[in-house]
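This report describes one protein chain. Please read it alongside the sequence and the coordinates.

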Amino acid sequence: MDAFWPDLEPEAARANVHKAASLARRALGSKDAVVFREGSVALWPSVDVGSDVAAFEAGAAAAVRAGDPAASGEAAARYAGDLLPEEPYEEWTLGPRERARRLYLDVLRAGRRWEVMVELEPTDEAAQRALMREHLAAGRLHAALRQFQRLRAVLGRELGVQPSAETLALYREIVGTASSAWVRPGLVGREVELVRARAALRRAREGRPAAILVRGPAGIGKTRLCEEVVDQASAEGWLVLRAAAREPTATVPYAALTEAMAGALVQFPDLVATLGHEDRRLLARLEGAEPGPGPTLMHRQSVLHLLLRVVAASGAPTGMLFLDDLQHADDATLELAHILATAPYPRGLLLVATYRAGPPPAVAQLRAALVASGSAVEVELEGLRRPEIDAIVTHVRGGTASTEELDVVWELSGGNAFLALEVASSADALAAGGTDVVRAAVAARMQRLPSDVQEALLRMALVADEFSADELAALAGIDADGALDVLEASTAAGMLARPGSRYRFRHDLVRDELRRGVPDEQVEAAHAAAAEQLAALAAPTARVAHHLLAARQPSAALSWLRRAIDDAFAVGAQADAVTLADRGLELAPRDPALLSKRAAALDAIGNPGAPAAYAAAMAVADPSLRASLAVRRANSLVLSGDIPGAMETLAAIDEVPSANRGQYFATRGLARWCAGDMRAAEEDGQAAKELAEASGDLRDFVAATMLVAMVAHQRGAWPQRAALDLLDSSLRPDLAAVVGDAHLCLAESYLYGGTPYPEVIAFATDLRERAVAGRWPRAEAFATTLLGEAHLLMGDPATATEHLDPAVGLHRALGLQCSEALTLQRLAEARLAVGDEHGARSSIDDAFVVARGSPLATQHLLDRIHGTAIRAAPDTEAALAAVEEAAQAVRGPLETCPPCSVNLTIPATMACAAAGDVDGANRHLARAEGVVSVFFPKGGWRAALDEARAAVARTSGDAGAASRLLQQAAEGFDRWGQQLDAERCRRTASVLPVTGKV
């Protein structure tokens, strides 16, 4: 009674029970149907009552026990669906419903009803594999490949994981069985070009940055040449990551890189087990399978980290990244490709890329930068010579080509390898003559296909160049089985090729021919339909936007562009976000959302135009959004050094939105700190910290805590502030975990701020003792690293290593990536000081791995680690490569902070000066001088500036000035207790003339 009428008194509830029983007897036609007996209610107590559920469970259990597929099939047929589906939330139904459903799955498995089972449980890999094997055994190879694609998609979408090694091994078996129509001709000619490309291969094998850029028109043989290099690298044990950029995915973040990594995991199933869970989850997010920003912030360094983790997990000595059709790559991919191409071994990959002449600006800039740095080997392909075309024809025609046929092919191909193959392999094209080679060849192939297959290919040619079986079905408007028929016929006819488990037109020229002459109205309608179908398939938002733009549907496109920008931000692809915003603003120049998103993207990459972009957005935004934009604009102005502009912007805000109050106080406090108003800065910092503690926002908490610590440092009280925060027992665990990160920059300022190192050591020792006694492991790890740093700076690398080595383990055990990366970087410096270059290199590489995996570490430690990598370079060429890598890898407020940047700019100044690049040295020196003047009014960095100035003077030929500056630097280092640095300056000065220019 309590279950049915919990709000009634017992007597009233009892009356309701009797009334319900009376109605039930009348409905069932018998007074014996419902009987009250000793306080309980019985249904048909004198009759044996059965139910369809009981009958199903009994039969199903017996069939499963017997292991009889036929009986299991019969039992499965008796399952009528979920128990009481109209009562899905009644608690008493949950157990019986789930029990019946599990038993149904058991009989499906025993009865080998795989299609039904994967429809109910699509993430059941065992069932999916069984269905793949069933298709394979029946010769349905395209169906088997389609099933694999579906499994990959659902595992990523539902679980955020990749298929297991067992599933990938089965896929490899299927791919090895299936004929792909991916016929690769032999390489003819190109001997000189191949020699040049192989030289770059040797350069990369020796550990030097290298890239191979192959340019030429469509069909000239760019891909074929690169495949020869790929084959050699694979034979030597390299891991080759390969992908092709495509026009519909030109603004999908990291599309080509994601394809390359996913392909490597499919090709080498053991990689799945070797990669960690977070790495696999990150790849799923990049594939769009795990929507939203996820539990942790992603940034482009995360993607770079994942790429290098894939290479490391393979155990290969080095890796290659082969990107075909680079002209279609998104901007975020091009950025990372640049970093990888300039990264010295073992952190980099040999970049091999093809692109057509007249590439877009971003590709042209990448090409120019790589050529200027000396990293790239450029190969420009022109048409083949007559003997080489004759060799292709003779091979294709089986040695039976006549002189007339050779003449025709030469005349029609114009030395283009693909056109020569098309003419030679098609009797119709050969007989047709004329100049339209591809048209004749494509027409001949199409004529051999059924009309419905031709129609499907024409539809696909309008909207896609690469697709899965399910995408073909959706975009061509045919059913799933019909799509398999299209794939079978089209690959056999040589219209489609199958790289892996996806399909694409055999060549861009084939697709271009199919699209030729199609009326604009038909093309636009096809793109509109494609957008609708891809949206239903949960395709990347940027891809849907691409088709809506092509369909000339601006209103719909704008909505998807806004979503695509958010998706780009979610994976740290701010460069793509800018491109997407620019496309949207071409349609709606005064759209507030697009303008604000563009400003935020420019801000994230450190573009100096960010404040102006925020102002443009504010001019058209509503009041609530305008205030939020003003806070962000002020923050951008502070970071750019325009303190008056920031204060003016903040003062104009009438009411700060609650969501922006924390950033408002932090920004205003930082501006006041820069202006020297420490009391007001501290008040703002405390207000921002309280708001961050209430909201739990880790980034805001770190920023606020850092601001309060900066005030304390300015007052000479940072040690006391650090101890209070690190030993604060009232903080929530998640906030306590990042307190050390908040004090990291201030600890470095403390170390270089003029405090005698014995005093630093005393503070760190006391803090560690208190931390151990109070069982504060985070504070213990922080103090241990600080001890190591102090001993290192005062010239005792051996004692420093004794502290830093265990500190790495302490931070790692606590999951404190930011502090671990710092400790590894300091350990590298200690090892360099004693001549252990191999150990230093290993520590630097480890530091990069850890830092790139932590959003906070990227902001504060990339500068430091890159600076140490420059110092550790074995020669001038390697040092310049490390400078170039840093220039690409460290950008914007998410990847650098002003005080930390001096750790990079001074080593970069020294490296450029040593290489004779005075202009580059002066650029880095000017940045270093600006930072030191603001953040380090006294201490060792001022001496470091003198050493850097000496390097520039020496390169400029003023040995006398260099000698004086080195002596001044040595005295400064002595004054602040940095003995190793002082000795280095004296050694350098000893080989220079005392006065005069040389």
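The sections below go from the whole chain to its sheets and then to selected helices.

## Model and confidence

The structure is a predicted model. Its chain has a mean pLDDT of 86, and 90% of the residues reach 70 or more. Among the elements of the chain, the highest mean pLDDT, 97, belongs to helix H31 (residues 610–620), and the lowest, 57, to helix H20 (residues 427–432). Over residues 291–295 the pLDDT is below 50, and this stretch has six contacts in the model beyond near neighbours in sequence. Where pLDDT is low, the predicted coordinates should not be read in detail.

## Overall composition

The chain contains 51 helices and ten strands. Of its 998 residues, 54% are buried. Among contacts with a separation of 6 or more, 65% are between residues 24 or more positions apart. The chain exposes about 42300 Å², and carbon and sulfur atoms supply 52% of that area.

## The five-stranded sheet

Five strands form an open sheet with parallel pairing, in the order S4-S5-S6-S3-S7. Strand S4 (239–244) and strand S7 (376–380) are the edge strands, each pairing on one side only. From one strand to the next, the twist averages 10 degrees.

Helix H10 (residues 222–235) packs on this sheet and touches strand S3 (211–215), S4, S5, strand S6 (350–355) and S7. The direction of H10 makes about 165 degrees with that of S5. Helix H16 (residues 361–372) also packs on the sheet, where it touches S3, S6 and S7. The direction of H16 makes about 125 degrees with that of S7.

## Strand S5 and its partners

Strand S5 (residues 319–324) runs parallel to S4, and six bridges join the two. Leu-241 has Leu-321 of S5 as its bridge partner, and Ala-243 is partnered in S5 by Leu-323. Four bridges join S5 to S6, again in parallel. On that side, the bridge partner of Leu-323 is Ala-353 in S6.

How many of the six residues of S5 are buried? Six of the six are, and the strand is mostly covered. In a regular strand the side chains alternate between the two faces of the sheet. In S5, Gly-319, Leu-321 and Leu-323 point one way, while Met-320, Phe-322 and Asp-324 point the other way. Both sets are buried, Asp-324 included.

A second open sheet has three strands in the order S8-S10-S9, with antiparallel pairing. Strand S8 (466–467) and strand S9 (496–497) stand at its edges with a single partner strand each, so one side of each is left without a neighbour in the sheet. Two bridges pair S8 with strand S10 (residues 503–505) in the antiparallel sense. The bridge partner of Phe-467 is Tyr-503 in S10.

Helix H23 covers residues 469–476, and seven of its eight residues are buried, so the helix is largely enclosed by the rest of the structure. The buried residues are Ala-469, Glu-471, Leu-472, Ala-473, Ala-474, Leu-475 and Ala-476. Just after H23, Gly-477 takes a positive phi of about 70 degrees.

## Helices H36 and H37

Two packed helices are described by the angle between their axes and the distance between the axes. For helix H36 (residues 698–714) and helix H37 (residues 718–726), the axes come within 7 Å and cross at roughly 150 degrees. H36 is therefore roughly antiparallel to H37, a term used for angles over 145 degrees. On the H36 side the contact is made by Thr-705, Val-708, Ala-709, Ala-712 and His-713. H37 contributes Trp-718, Arg-721 and Asp-725.

Glu-947 lies in helix H49 (residues 940–955). Is this residue buried or exposed? Glu-947 has a relative accessible area of 6% and is therefore buried, the cut-off being under 20%. Leaving aside neighbours within four places in sequence, Glu-947 is in contact with Met-910, Leu-966, Ala-969, Phe-973, Arg-984 and Cys-985.

Technical notes. Residues are numbered from 1 along each chain as its sequence is written. This is a predicted model: local features need pLDDT of at least 70, side-chain atom pairs count only at pLDDT 80 or more; totals for chains, interfaces and linings use all residues. Side-chain values use heavy atoms; hydrogens and water are left out. Two strands pair if DSSP finds at least two bridges between them. Axes are lines fitted to C-alpha atoms, for helices over the stretch in contact, and angles run from 0 to 180 degrees between N-to-C directions. Contact means heavy atoms within 4.5 Å. Buried means under 20% relative accessible area, exposed over 50%, partly exposed in between (1.4 Å probe, protein chains only). Accessible areas come from the Shrake-Rupley method with a 1.4 Å probe; for residues, only the protein chains shown count as cover. pLDDT is the predictor's confidence in each residue, from 0 to 100. Angles under 35 degrees count as roughly parallel, over 145 as roughly antiparallel, 65 to 115 as roughly perpendicular and the rest as oblique.
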